[in-house]
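The structure is shown first, and the description follows.

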Amino acid sequence: MTAMARTCVIVGAGVAGVEAAAALRSRDGDCRVRIVGAEPTPFYARIRLPEVLAGRTDPSRLVLRTPDWYRERRLDLDTGVRVEALDPAQARVRLSSGEWVAYDALLLATGATPFVPPIPGVDLEGVFTLRSLEDALRLRERAHASSRAVVIGGGLLGIEAAAALRPLGVVVVEAAPWLLPRQLDRGGAAVVQRALEARGLEFRLEAKVLGITGPGRVQAVSLASGEELPADLVLVAAGVRPETSLARDAGLDVGRGIRVDDRMATSTPGVYAAGDCAEHGGRVYGIWPAAEAQGRTAGAAMAGEDPRYQGTVPSNTLKVTDLPVFSAGDVDPAGAVESEVTTGEGRYRKLVRDREGRLVGAILIGDLRERRAVLDAVTAGAPFAAAPGSASGKEGP
Ligand SMILES: Cc1cc2nc3c(=O)[nH]c(=O)nc-3n(C[C@H](O)[C@H](O)[C@H](O)COP(=O)(O)OP(=O)(O)OC[C@H]3O[C@@H](n4cnc5c(N)ncnc54)[C@H](O)[C@@H]3O)c2cc1C
């Protein structure tokens, strides 16, 4: 008599979910793997959405796996289907179709949703967020009928979207004293800001939005300074919140994200979480490489292995054409550390070392040739010496 094959259910068909499915299948040829994704489009390069917004890339080119890829691995993919409830006591989930699906192992890879601050007028017509392909297409359509945009939030997503919205007049409003506050220090951000201003973008820093005004559809954004920024399109890019509702409603341990151990196991047996929805070691990463690594770990654990996820060094590359910006690790730490900064026209390079001389963070602007070596050194906690003839020439103070 043969044992019945196990069923593994994965909620969310983003990078964490799909990487988990592949890792699981490569270790377990027998189990049934069912991926349930709420979006109508199968797994795609979410991080390239600004290209779609700019009209530079056809949406179909973002899709990362062919139907054959799923077929060859016997991964059953439901697109446009939402998991609406999790019943851990009976080890089953309810789909938006009403069907209950029993699982032996379940992965929550539900990602994150845009955070929308409670600003008066935020629900007016013409106010958008950007997370999905559908969002990007809606925003693009609106941009065609607009001439002035305001982007609330000068982080990575806000800047990339603002650059993509050109040739509209675009003003970016940021509460912090400099742009990309999570990726750059003040000096690096000033170089980026000058480059973007040269392309026609405008900025209001240390600025607080009081409200978005209509009537009916958006007409302006009012700032605490008294300034009124005229706008017929507003993009709110104020960060994301982990999508934890299924886990929370089912009584799993949830902090900022769904809490997991090094195997990506949640507080409930048989249930795992990975990617933007997960909190590991007190951290919610919100970046692609972490979701990828966590997904792989979860897949291995669901196959019965005992993997150990040990965290991901945060790193980001700004995806604005002809403006190379990269940062990794801790770029602006407090305490006794040593920073080496070299700067020149449109260029900025900062290496941050701890007291033992190990590289803990870096910023590269204008020339990214050292990106790989820098990321490897930060990841390994190793010293870093620039290769002869590399971009490290001291061009200024
Ligand atoms: C415009 C943009 C630019 C970005 N740029 C970068 C970058 O340059 N570098 C970087 O590292 N990161 C970037 N990110 C972040 C990166 O995209 C995320 O970290 C990554 O996509 C997380 O992967 P994930 O699989 O955890 O979640 P997601 O990619 O969000 O996928 C989760 C999926 O689960 C689905 N889902 C949620 N709830 C349910 C449910 N109940 N039932 C079924 N399905 C459900 C969602 O619809 C979604 O499709 C960017 C994000 C955006 C939006």
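The side chains of Glu39 and Arg46 form a salt bridge with an N to O distance of 2.8 Å; the term denotes a side-chain nitrogen of Lys or Arg within 4 Å of a carboxyl oxygen of Asp or Glu. The model is a predicted one, in which local features need pLDDT of at least 70 and side-chain atom pairs count only at pLDDT 80 or more, while totals for chains, interfaces and linings use all residues. Residues are numbered from 1 along each chain as its sequence is written, and side-chain values use heavy atoms, with hydrogens and water left out.

Glu39 is partly exposed, with a relative accessible area of 21%, and Arg46 is likewise partly exposed, at 22%. On this scale, buried means under 20% relative accessible area, exposed over 50%, and partly exposed in between (1.4 Å probe, protein chains only). Ser132 itself is buried, with a relative accessible area of 10%, and is placed in the loop between β9 (127–128) and α4 (133–144). Helices (H or I, at least four residues) and strands (E, at least two) are DSSP runs, numbered from the N terminus.

**Salt bridges**

The count for the model comes to 34 salt bridges. Side chains of opposite charge can pair when their charged atoms come close.

| Salt bridge | N to O distance |
|---|---|
| Glu39 and Arg46 | 2.8 Å |
| Asp185 and Lys350 | 2.9 Å |
| Arg347 and Asp367 | 3.5 Å |
| Glu292 and Arg296 | 3.6 Å |

Arg347 lies in strand β24 (residues 347–353) and Asp367 in the loop between β25 (359–365) and α9 (371–380), so this pair ties together parts that are 20 residues apart in sequence. Asp367 is buried, with a relative accessible area of 12%, whereas Arg347 is partly exposed, at 29%.

Glu292 and Arg296 both lie in helix α8 (residues 288–302), 4 residues apart, about one turn of the helix. An α-helix has 3.6 residues a turn, so residues three or four places apart point the same way. Glu292 is partly exposed at 23% relative accessibility, and Arg296 is partly exposed at 41%.

**Domains 2 and 3**

The domain assignment gives domain 1 (7–113 + 240–302), domain 2 (127–236) and domain 3 (324–380); such bounds come from an automatic or database assignment. The C-alpha centres of domain 2 and domain 3 lie 27 Å apart. Contact between these two domains involves 8 residues of domain 2 and 10 residues of domain 3. The area buried between them is about 700 Å², of which carbon and sulfur atoms give 68%; buried area is the accessible area (1.4 Å probe) that two parts lose on being put together, summed over both. Leu184, Asp185 and Val191 supply 58% of the area that domain 2 buries against domain 3, more than any other three residues.

Between domain 2 and domain 3 there is 1 salt bridge. The side chains of Asp185 and Lys350 meet in a salt bridge at 2.9 Å.

Val331 is found in the loop between β22 (325–329) and β23 (338–344). At 6% relative accessibility, Val331 counts as buried. Neighbours within four places in sequence aside, the residues in contact with Val331 are Gln183, Leu184, Asp185, Lys350, Val352, Ala362 and Ile363. The C-alpha atoms of Val331 and Val236 are separated by 26 Å, the two residues being 95 residues apart along the chain.

**Further buried elements**

Helix α5 (residues 156–165) is mostly covered, with 8 of its 10 residues buried. Among the buried residues of α5 are Leu156, Ile159, Glu160 and Leu165.

Thr312 is found in the loop between α8 and β21 (315–318). Thr312 is buried, with a relative accessible area of 15%. Not counting residues up to four places away in sequence, Thr312 touches Tyr285, Pro289, Ala290 and Ala293.

Key
Contact = heavy atoms within 4.5 Å.
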